[in-house]
Amino acid sequence: FDYTPHGVCSRAFRITLDDNDVIVNVQVLGGCNGNLQGISKLLAGMKKEDAIARLEGIRCGGKPTSCPDQIAQALKSI
């Protein structure tokens, strides 16, 4: 699944889920590379609903959203 985030530095997400809605892989283009690689590794093996619950609503500085929040929005749209 490909998703274009809004309001953040990242330009694109590619998310792979298995048949049980478990996250297999999250690839992020752009953004803070090290942090997003870490988030991607932490999300691998997590249920989609659990990831949404943990990431949704996280803000980046004064922005109303963040890359983690946008990942949650992407997962909600799958």
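Helices here are DSSP runs of at least four residues, numbered from the N terminus. With that in hand, here are some close-up views of this predicted model.

**View 1. Arg59 sits in the loop between H2 and H3.** This is a friendly place to start, out at the surface. Arg59 has a relative accessibility of 52%, so it counts as exposed, the cut-off being over 50%. Setting aside its neighbours within four places in sequence, Arg59 is in contact with Pro64, Thr65 and Ser66. A polar atom of the Arg59 side chain also lies 3.2 Å from the backbone oxygen of Lys63. If you look across to Gln70, 11 residues away along the chain, the C-alpha atoms of Arg59 and Gln70 are separated by 9.8 Å.

**View 2. Helix H3 (residues 67–76) is largely enclosed by the rest of the structure.** Why is that said of H3? Eight of the 10 residues of the helix are buried, so the rest of the structure largely encloses it. The buried residues are Cys67, Pro68, Asp69, Gln70, Ile71, Ala72, Ala74 and Leu75. They pack against S1, S2, strand S3 (23–29), helix H1 (33–43) and helix H2 (48–55). At the start of H3, look for Ser66: one of its side-chain oxygens comes within 3.1 Å of the backbone nitrogen of Asp69.

**View 3. Strands S2 and S3 run antiparallel and are joined by six bridges.** To find your place in the pairing, take Arg14, which stands opposite Gln27 in S3.

**View 4. Phe1, Tyr3 and Phe13 are linked into a cluster by ring pairs.** The count comes to two aromatic pairs. In the pair of Tyr3 and Phe13, the ring centres are 6.2 Å apart and the planes are at 10°, so the pair is stacked, planes under 30 degrees apart being the cut-off. This pair links distant parts of the chain, with Tyr3 in strand S1 (residues 2–3) and Phe13 in strand S2 (residues 12–17), 10 residues apart. Are these two residues buried or exposed? Tyr3 has 16% relative accessibility and so counts as buried. Phe13 is buried too, with a relative accessible area of 1%.

Definitions and conventions:
Residues are numbered from 1 along each chain as its sequence is written. This is a predicted model: local features need pLDDT of at least 70, side-chain atom pairs count only at pLDDT 80 or more; totals for chains, interfaces and linings use all residues. Side-chain values use heavy atoms; hydrogens and water are left out. Rings of Phe, Tyr and Trp (its six-membered ring) pair if their centres lie within 6.5 Å; planes under 30 degrees apart count as stacked, over 60 as edge-to-face and the rest as tilted. Helices (H or I, at least four residues) and strands (E, at least two) are DSSP runs, numbered from the N terminus. Buried means under 20% relative accessible area, exposed over 50%, partly exposed in between (1.4 Å probe, protein chains only). Contact means heavy atoms within 4.5 Å. A polar contact is a pair of N or O atoms within 3.5 Å; within protein, one must be able to donate a hydrogen and the other to accept it, and residues adjacent in sequence count only if both atoms are side-chain atoms. Two strands pair if DSSP finds at least two bridges between them.
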